[in-house]
Amino acid sequence: MIRTRDLALGALWGLTTVAMGVAIGLVFLYAPEERVMGAPQRIFYFHVPMALMTFLSVFVLLVGSIGYLWTRRSAWDDLGRAASDTGLLFCTLVLVTGPIWAKPAWGVWWTWEARLTTTLLLWLLLVGIRMVRSYAVNRDQGARLAAVIGIVAALDVPIIYKAVDWWRGQHPVLFRQGGGQALAPGMSETFSFCIVTFVLLFALLLATRYRLARLEDRSLHAIERLRAG
Amino acid sequence: MKNYAFLFWAYLVIWLGLAGFLLGTLVRMRRVDERLDRLEHELARSEREG
Amino acid sequence: MSAPSFGRAALEVAAKDLRLEWRTFESLSAAFVFSLIVLVLFSFAFGFSAAREFGVERIVPGAVWTVLAFATVVTVSRSMELERRRDTWTALFLAPVDRGALFTGKLAANLIKNGLLHVVVVVLAALFFDFDLLANALPLLLVLVVHAIGLTGLGTLFGAIAMRVGRGEALLATLLFPAAAPVFVSAVKCTASVLAGRGLGGEARTWLLATIGFDLLYFLVALATFEFVLEE
């Protein structure tokens with residue numbers, strides 16, 4: 001029996017795969033070569049959308065956290081958990097690929113400039129949420145405490161972003177809007193498409209992770225009923 | 001060229017990371033699915049008996 | 001029996017904490033010794049006369065606020081540990097008072113304890129690193145107060161969370177430092193500005209106002225969410 005849920009998920013799979021294929025083609029074949037940096041600049045068609053998806057994950061985490069504290073329905077906590085996981089994934093990928101690009105480009109693996117520092121702080125916050133969940137005595141406490149930290153962290157993200165920005169600021173401005181470098185037409189289309197692709201990918205990862213969390217919930221319930229019965 | 005070597009590793013990390021995440025999720029889902037089936041069988045059985 | 005008002009309840013919680021501290025001086029003495037040790041460590045790390053060579057405002061603010069950040073973790077986790085050891089959390093939770101009042105009371109007590117500690121640390125730093133305290137006393141005091149509220153506020157909320165899962169200072173530090181990073185940055189910036197003779201004008205003023213906003217925001221968030229932390 002195929003449910004609409006499965007159909008929707010399957011469609012999302014298909015759409016994401018196609019979009020990713022097109023995106024890769026665009027990035028490597030269509031987008032013009034950047035004047036200053038050359039071929040290595042192409043990584044940013046992936047790197048920047050992944051960073052954006054981290055922020056999107058945090059937003060969904062905020063929604064899930066508030067939803068859980070408001071309604072106490074485990075579905076909201078499952079959403080929060082899924083968002084935490086995807087957030088941590090994208091954040092880790094950004095943190096790993098950044099230095100890999102930076103070493104040949106800037107000569108150092110790491111600098112304490114605004115964007116890298118902010119991403120590291122965000123990564124630490126997400127790990128902290130995970131830690132609290134795992135240390136919690138029971139499922140409900142884990143969900144509650146993680147939700148509280150989730151709200152604090154999500155509200156903090158823009159603040160950390162601004163604060164560290166004021167304090168530092170030397171991130172490569174490859175896609176500056178308005179003045180300065182105008183974005184070459186080939187680049188901006190590719191970039192926009194990549195963002196859309198990664199939003200689809202984010203939705204896919206979130207949905208599958210959410211499914212997993214719901215299933216784990218059901219099995220926990222079943223275990224409890226068995227023990228009680 | 002040195003740059004390209006690093007690029008290769010960066011892309012590799014991205015794909016491996018994404019694939020690993022998806023695969024991991026799917027594997028865990030399979031396991032939980034099986035566990036759920038077992039549990040629901042046992043539940044049905046104990047309800048029939050009880 | 002009518003439930004005590006918000007202010008009354010907060011006052012009682014704060015008074016209880018402070019009375020306990022007055023009797024034993026437990027957490028303040030631990031935090032003080034810790035701070036002293038770390039200050040000494042810093043002087044070894046950078047070399048005693050280095051502060052004056054590099055310019056007092058370049059090393060001292062960072063060193064001082066690092067000490068204060070860790071000291072905050074120590075005092076707050078001790079304060080939470082108190083409740084856990086004597087198992088008064090349940091009693092607090094069952095009391096028919098606004099959870100926000102409980103938080104405010106705890107926060108007030110922690111602020112007073114931390115405030116004292118902060119002042120002592122700054123005086124010590126003035127002695128160790130040789131900067132002019134008297135000339136800058138008022139602006140420094142303002143910087144201390146505003147940023148201590150930020151650190152202690154988030155610290156109290158996270159401290160309660162860390163205590164609920166049975167962990168102590170390590171988890172608290174892991175949660176607090178990333179979240180309070182903006183406050184820390186602002187604190188160092190403002191302190192540097194004062195010590196460099198630029199007072200609290202221009203840039204420092206922006207940071208100060210931003211931090212006041214931060215303090216307010218998270219105070220409200222904590223008021224709203226503390227009940228969920230206290231739940232059994």
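Colleague: This is a predicted model. At what angle do the axes of helix 2 and helix 5 of chain A cross, and within what distance do they come?

Modeller: The axes of helix 2 (residues 44–71) and helix 5 of chain A cross at roughly 135 degrees. They come within 8 Å.

Colleague: Why are helix 2 of chain A and helix 5 of chain A called oblique to each other?

Modeller: Set the angle against the cut-offs. Roughly antiparallel needs an angle over 145 degrees, and roughly perpendicular covers 65 to 115. The crossing is at roughly 135 degrees. Helix 2 and helix 5 of chain A are therefore oblique to each other. Their crossing is left-handed.

Colleague: Which residues of helix 2 of chain A meet helix 5 of chain A?

Modeller: Helix 2 of chain A brings F55(A), V58(A), F59(A), L61(A), L62(A), S65(A), I66(A), Y68(A) and L69(A). On helix 5 of chain A they meet A143(A), A147(A), G150(A), I151(A), A154(A) and V157(A). By class, this contact has 13 nonpolar residues, 2 polar and no charged.

Colleague: Now to chain C. How do you know how helix 5 of chain A and helix 10 of chain C are oriented to each other?

Modeller: Helix 5 (residues 139–167) of chain A packs against helix 10 of chain C at about 165 degrees. Their axes are 10 Å apart. Angles over 145 degrees count as roughly antiparallel. These two helices are therefore roughly antiparallel to each other. Their crossing is right-handed.

Colleague: What makes up the contact between these two helices?

Modeller: Helix 5 of chain A gives R144(A), L145(A), V148(A), I151(A), V152(A), L155(A) and I159(A). Helix 10 of chain C gives F214(C), L217(C), V221(C), T225(C), F228(C) and V229(C). The classes are 11 nonpolar, 1 polar and 1 charged.

Colleague: How many residues does the contact take from chain C, and how many from chain A?

Modeller: It takes 20 residues from chain C and 24 from chain A. Helix 7, helix 8, helix 9 and helix 10 of chain C each supply at least two residues of the chain C side.

Colleague: What mean pLDDT does chain C have?

Modeller: The mean is 87, and 96% of the residues of chain C reach 70 or more. Among the elements of chain C, helix 8 has the highest mean pLDDT, 93. Helix 3 (residues 50–54) of chain C has the lowest, 67. The model scores ipTM 0.89 and pTM 0.89.

Note on methods:
Residues are numbered from 1 along each chain as its sequence is written. Chains are lettered from A and ligands numbered from 1 in the order in which they are written. This is a predicted model: local features need pLDDT of at least 70, side-chain atom pairs count only at pLDDT 80 or more; totals for chains, interfaces and linings use all residues. Two residues are in contact if their C-beta atoms, placed from the backbone, lie within 7 Å. Helices (H or I, at least four residues) and strands (E, at least two) are DSSP runs, numbered from the N terminus. Axes are lines fitted to C-alpha atoms, for helices over the stretch in contact, and angles run from 0 to 180 degrees between N-to-C directions. Angles under 35 degrees count as roughly parallel, over 145 as roughly antiparallel, 65 to 115 as roughly perpendicular and the rest as oblique. A crossing is left-handed if the near helix is turned anticlockwise from the far one by less than a right angle, and right-handed if clockwise. Ala, Val, Leu, Ile, Met, Phe, Trp, Tyr, Cys and Pro count as nonpolar, Asp, Glu, Lys and Arg as charged, and the others, Gly among them, as polar. pLDDT is the predictor's confidence in each residue, from 0 to 100.
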